[in-house]
Amino acid sequence: MFNIDVKILNVTELNDFREIRLSALKQCSKIFGSTYAVEIEKPLKFFENCLLSSTIFGAYYENKIIGMATLTQEMGIKFAHKAYLSSMFVEPIFQRKGIASQILNAMIKYRKKQIEQILLVVSADNQPAIHLYEKLGFQTYGVELKALKENGKYVDELLMKRIIL
């Protein structure tokens, strides 16, 4: 078991966030809506705006960022009980070691008093992620057919949610 520190990233960790985001896009482009080629060209202000508009959790091992997940709470009085999980990523050499679970559990604990539901979308062919989410209490409530398109190929996405009590 690794001694992992999970924390909410702020602008002082801007370079860490950019590093892990670009690593995620470079290594797992299939599961993200953006691409490495697009975001490597983005100015630091773009990444700063991401940090300011959502709550981004970073996982650190020996003071090096190795994972992340983003939680974005809905706006509006009738939607504020919901938040969306996105950009879940752990560096490949640290995968299958419980780090993603640690990030998600920290996220749930942090937001338990502010939200009642966490929603997410995941590629229907990403079985390791689906298994993780189901293990943590997420349930599938729908499927978006042909949700992503890359190089002429479509990928379906599962819509999942977890009710937080």
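Colleague: What is the mean pLDDT of the protein chain?
Modeller: The mean is 91, and 99% of the residues reach 70 or more. pLDDT is the predictor's confidence in each residue, from 0 to 100. This is a predicted model, where local features need pLDDT of at least 70, side-chain atom pairs count only at 80 or more, and totals for chains, interfaces and linings use all residues. Residues are numbered from 1 along each chain as its sequence is written, and side-chain values use heavy atoms, leaving out hydrogens and water.

Colleague: Where is confidence lowest, and where highest?
Modeller: Lowest in helix α4 (residues 99-111), with a mean of 90. Strand β2 (residues 55-61) is highest, at 96. Helices (H or I, at least four residues) and strands (E, at least two) are DSSP runs, numbered from the N terminus.

Colleague: On to the sheet. What order do the strands take?
Modeller: 7 strands form an open sheet, β1-β2-β3-β4-β5-β7-β6, with mixed pairing. Two strands pair if DSSP finds at least two bridges between them.

Colleague: Which strands stand at the edges?
Modeller: β1 (4-8) and β6 (139-150). Each has a single partner strand, so one side of each lacks a neighbour in the sheet.

Colleague: How do β1 and β2 run, parallel or antiparallel?
Modeller: Antiparallel, joined by 5 bridges. Isoleucine 8, for one, has phenylalanine 57 in β2 as its bridge partner.

Colleague: What does α1 touch on the sheet?
Modeller: α1 packs against β2, β3 (64-73) and β4 (82-90). Its direction makes about 90 degrees with that of β3. Axes are lines fitted to C-alpha atoms, for helices over the stretch in contact, and angles run from 0 to 180 degrees between N-to-C directions. Contact means heavy atoms within 4.5 Å.

Colleague: Now arginine 21. Is that residue buried or exposed?
Modeller: Arginine 21 counts as buried, at 11% relative accessibility. Buried means under 20% relative accessible area, exposed over 50%, partly exposed in between (1.4 Å probe, protein chains only). Arginine 21 sits in helix α1 (residues 14-27).

Colleague: Which residues does arginine 21 touch?
Modeller: Leaving out residues up to four places away in sequence, the contacts include Phe32, Phe47 and Met68.

Colleague: Last topic. How many disulfides are there?
Modeller: The structure holds 0 disulfides (a pair of cysteine sulfur atoms within 2.5 Å).
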